[in-house]
Amino acid sequence: MANLLIIGAGGVGSVVSHKCAQAAKESGAFDKIVLASRTLARCRAIAGSVKERLGVDLEIAEVDAENVPQLCELIRRAKSDLVCNVALPYQDLHIMDACLECGANYLDTANYEPLDTAKFEYKWQWAYDDRFREAGLTALLGSGFDPGVTNVFAAWVVKHELDEVNVLDIIDCNAGNHGQAFATNFNPEINIREVTARGRYWEHGQWVETDPLSWSMDYDFPDGIGKKKCYLMYHEELESLALHLPGLVRARFWMTFSDSYINHLKVLGNVGMTRIDPVKFHGQEIVPIQFLAALLPDPASLGPLTKGRTCIGDRLEGLKDGSKKIFYIYNICDHEACYREVGSQAISYTTGVPAMIGAKMIAEGKWKKPGVWNMEQFDPDPFMHDLNIYGLPWKCVAVDEKN
Ligand code: NDP
């Protein structure tokens with residue numbers, strides 16, 4: 001059992017809180033659960049929903065996750081063994097510093113990004129490896145869906161189906177519709193920084209760059225979802241998977257976007273609204289993307305509006321006993337079913353459930369090893385087992401070479 005501190009009461013934080021309460025109730029994985037965030041009212045609303053749906057009490061607290069002494073005071077007061085960071089990537093290093101100072105294990109769902117550069121790299125967090133090892137603490141990076149489950153899917157296929165993976169395509173499809181002209185399914189600032197960054201994929205031992213959203217393909221998704229246009233993007237799990245998957249020749253990441261989303265983004269980019277550098281406006285500095293984020297719908301508000309399904313998975317080509325084999329491993333998640341269960345849409349749900357399972361793996365000692373780790377570095381089996389139990393069932397199918 002662990003005393004768990006969840007930081008960040010947004011769309012993902014709400015799902016993590018509900019699912020951790022469920023795991024505490026059903027398996028006793030967590031003892032005390034504290035939810036802390038910048039705005040106490042948001043924590044209170046989530047704790048109310050958890051109590052109503054599951055009958056579990058959460059403690060709540062206000063914290064500025066960029067203030068290490070404040071974080072330490074909270075971790076010590078709550079006697080937290082494990083901190084689940086589902087605030088924003090800008091806070092990752094502060095929270096890791098606080099965990100080291102107070103002797104708590106750490107988990108997040110997105111890698112650190114400096115505020116002034118939209119750059120997704122693990123180097124800042126990997127640099128903490130020695131300190132976590134020396135402290136005997138575990139830090140688990142990227143325990144969402146992508147990164148997260150996509151890494152574990154790859155590790156599972158390598159463990160059970162292939163001797164080596166030569167070609168990996170991670171394909172993220174949101175076939176849902178929220179009826180809004182333009183809205184993002186998770187934090188708008190982080191989402192737009194990610195989507196407007198240059199594309200990048202791994203081939204023959206090096207990174208190849210592409211212009212943002214300049215490459216696309218049609219992919220035929222299973223279970224009636226059908227053909228959708230997917231755009232090549234850089235995504236952070238490619239960096240760790242390129243290091244950790246044996247025999248990898250090419251790794252790419254693709255995401256579906258509607259024409260309306262792409263058109264809005266183009267216009268917003270053309271007029272400078274997605275800029276991340278400060279500009280002077282009426283004598284004060286504003287960052288256009290932050291102003292834009294303040295105008296867009298709160299992702300948490302999309303829950304009751306979103307219909308349809310997501311389908312996120314890995315297509316892996318490789319060798320088994322010298323013969324070429326291809327597998328597609330995926331999960332399908334229904335927006336409305338998520339809303340009925342925890343009051344959130346499927347993007348928050350598919351991130352929050354794996355964050356809870358990662359925390360449970362650490363709490364149960366199944367994924368507990370001093371150091372800083374990516375998801376594919378642990379045994380995938382217990383995590384894959386829990387995906388089926390906690391709402392993200394998966395399928396792995398052999399693919400005909402023509403597909
Ligand atoms: P939201 O914007 O909905 O929530 C973020 C929460 O963090 C808000 O409640 C916010 O507080 C809080 N917060 C921000 N800054 C601070 C601070 N300094 N101190 C304390 N709390 C703070 O984002 P999401 O829930 O959509 O996303 C959460 C994380 O999940 C992000 O890092 C995102 O990148 C990641 N993610 C990962 C995915 C994956 O598959 N791996 C997919 C989707 C998201 P306030 O309410 O006061 O603004």
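In this tour, a contact means heavy atoms within 4.5 Å. This is a predicted model, in which local features need pLDDT of at least 70 and side-chain atom pairs count only at pLDDT 80 or more, while totals for chains, interfaces and linings use all residues. Residues are numbered from 1 along each chain as its sequence is written, and side-chain values use heavy atoms, with hydrogens and water left out.

**Stop one: Thr351**

Select Thr351, which sits in helix H13, residues 346-363. Helices (H or I, at least four residues) and strands (E, at least two) are DSSP runs, numbered from the N terminus. Leaving aside residues up to four places away in sequence, Thr351 touches Val12, Thr109, Ser143, Gly144 and Phe145. Thr351 has 17% relative accessibility, so it counts as buried. Buried means under 20% relative accessible area, exposed over 50%, and partly exposed in between (1.4 Å probe, protein chains only).

**Stop two: the ligand**

Of the 28 residues around the ligand, Arg38, Thr39, Arg42, Ala65 and Asn187 come nearest. The shell divides into 13 nonpolar, ten polar and five charged residues. Here Ala, Val, Leu, Ile, Met, Phe, Trp, Tyr, Cys and Pro count as nonpolar, Asp, Glu, Lys and Arg as charged, and the others, Gly among them, as polar.

Now display the distances to the oxygen atoms of the ligand. A polar backbone atom of Val12 is 2.8 Å from an oxygen atom of the ligand. For Ser37, a polar side-chain atom lies 3.5 Å from a ligand oxygen atom. In the side chain of Arg38, an N or O atom is 2.7 Å from an oxygen atom of the ligand. On its own the ligand has 930 Å² of accessible area, and the protein covers 92% of this; accessible areas come from the Shrake-Rupley method with a 1.4 Å probe.

**Stop three: backbone details**

Move to Asp146 and Pro147, which are joined by a cis peptide bond with omega of about 10 degrees. Pro147 is in the loop between strand E6 (138-141) and helix H7 (149-160).

Then select Lys79, in the loop between helix H3 (68-78) and strand E4 (82-85). Its phi is near 55 degrees, a positive value in a residue other than glycine. Is Lys79 buried or exposed? With 60% relative accessibility, Lys79 counts as exposed.

Leu213 is not a glycine either, and has a positive phi of about 55 degrees. Find Leu213 in the loop between strand E9 (206-210) and strand E10 (216-221).

**Stop four: an aromatic cluster**

Select Phe182, Tyr231, Phe257 and Tyr261, which form one aromatic cluster. Rings of Phe, Tyr and Trp (its six-membered ring) pair if their centres lie within 6.5 Å; planes under 30 degrees apart count as stacked, over 60 as edge-to-face and the rest as tilted. By this rule there are 16 aromatic pairs. The ring centres of Phe257 and Tyr261 are 4.9 Å apart and the planes are at 10 degrees, so this pair is stacked. Phe257 is buried at 11% relative accessible area, and Tyr261 is buried at 10%.

**Stop five: Val165**

Finish at Val165, in strand E7 (residues 164-174). Val165 counts as buried, with 0% relative accessibility. The C-alpha atoms of Val165 and Leu245 are separated by 6.8 Å, with the two residues 80 apart along the chain.

Methods:
Near = heavy atom within 4 Å. Polar contact = N/O pair within 3.5 Å; in protein donor to acceptor, adjacent residues only side chain to side chain.
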